[in-house]
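Try each task before you look at its solution.

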Amino acid sequence: MIRGLALWALMAGPAAAFSFDGPFGTYDPAQLQRGLQVYTEVCSACHGLRQVAIRTLGDADGPALPPDQVRAYAELLGLAPPDRFPASALPEAPDLSLIAKAQDGGPRFVHDVLTGYDGTEVDGLYGNRASGPIAMPPPLVDGMVTYRDGSEATVERMSQDVSAFLMWAAEPKLVARKRAGFVAVGLLLALAGLLYLTNREIWRRQPR
């Protein structure tokens, strides 16, 4: 069994690494902006983000777009910054607002699906190493997006970027929660230290 798991791991390839991994991880605004571009130019043709407000694109812990760019993006959609992203254009296309939380593996699963097509097609379903046969044809092709920051738009890069963006869409307060957690741990440690010193002083004053 162990040998089989090792073989599967080798075939699956290395897991995608994200800047927000681990307790100290944070979102990379540049990556989120590239992911927004991939979503806008590719994914939004079918899929919506109905639970995400456009104004949150300006969040400091998110894509961190300047206010004028947030307004310009909203106008591109015929909406205002307080509005939410449009719903899915196709009834069978799932909304992507929470997709990174809804699937086991989170953003890695999204990445693995986007990079997992094996080139086969049977009865209108496309072979995929991550999800099994899937109705969605391969959405990404090298160079199909021209990144504004000059990054090379490979399938791997676009998959990582849009997966990170969808993770932020599902967990926009992730970094804030980590920050609050560190503050709470610090306060607990300080309180523990004060209690220890107080207890030691009390026992020091007891007659022997």
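**Exercise 1. A residue in a helix**

Find out where Arg 34 is located, whether Arg 34 is buried or exposed, and which residues Arg 34 touches.

Solution. Keep in mind that this is a predicted model.
- Step 1: Arg 34 belongs to helix 2.
- Step 2: The relative accessibility of Arg 34 is 8%. Buried means under 20%, so Arg 34 counts as buried.
- Step 3: Leaving aside residues up to four places away in sequence, Arg 34 touches Tyr 147, Asp 149, Ser 151, Arg 157 and Asp 161.

**Exercise 2. Two helices that pack**

Work out how helix 2 and helix 6 are oriented to each other, and which residues meet.

Solution. 
- Step 1: Helix 2 covers residues 29–41 and helix 6 covers residues 155–170. They pack at an angle of about 100°, and their axes are 7 Å apart.
- Step 2: Angles of 65 to 115 degrees count as roughly perpendicular, and helix 2 and helix 6 are therefore roughly perpendicular to each other.
- Step 3: From helix 2, the residues in this contact are Gln 31, Leu 32, Arg 34, Gly 35, Leu 36, Val 38 and Tyr 39. In helix 6 they meet Arg 157, Met 158, Gln 160, Asp 161, Val 162, Ala 164, Phe 165 and Trp 168.
- Step 4: Sorted by class, the contact of helix 2 with helix 6 has nine nonpolar, three polar and three charged residues.

**Exercise 3. The span of a helix**

Compare the reach of helix 7 with the expected value, and say which helix its buried residues pack against.

Solution. 
- Step 1: Helix 7 runs over residues 174–204, which is 31 residues.
- Step 2: From first C-alpha to last, helix 7 reaches 45 Å, close to the 45 Å expected at 1.5 Å a residue.
- Step 3: Leu 174, Val 175 and Lys 178 are buried in helix 7. The buried residues of helix 7 pack against helix 6.

Methods. Residues are numbered from 1 along each chain as its sequence is written. This is a predicted model: local features need pLDDT of at least 70, side-chain atom pairs count only at pLDDT 80 or more; totals for chains, interfaces and linings use all residues. Side-chain values use heavy atoms; hydrogens and water are left out. Axes are lines fitted to C-alpha atoms, for helices over the stretch in contact, and angles run from 0 to 180 degrees between N-to-C directions. Helices (H or I, at least four residues) and strands (E, at least two) are DSSP runs, numbered from the N terminus. Angles under 35 degrees count as roughly parallel, over 145 as roughly antiparallel, 65 to 115 as roughly perpendicular and the rest as oblique. Contact means heavy atoms within 4.5 Å. Ala, Val, Leu, Ile, Met, Phe, Trp, Tyr, Cys and Pro count as nonpolar, Asp, Glu, Lys and Arg as charged, and the others, Gly among them, as polar. The expected span of a helix is 1.5 Å times one less than its number of residues. Buried means under 20% relative accessible area, exposed over 50%, partly exposed in between (1.4 Å probe, protein chains only).
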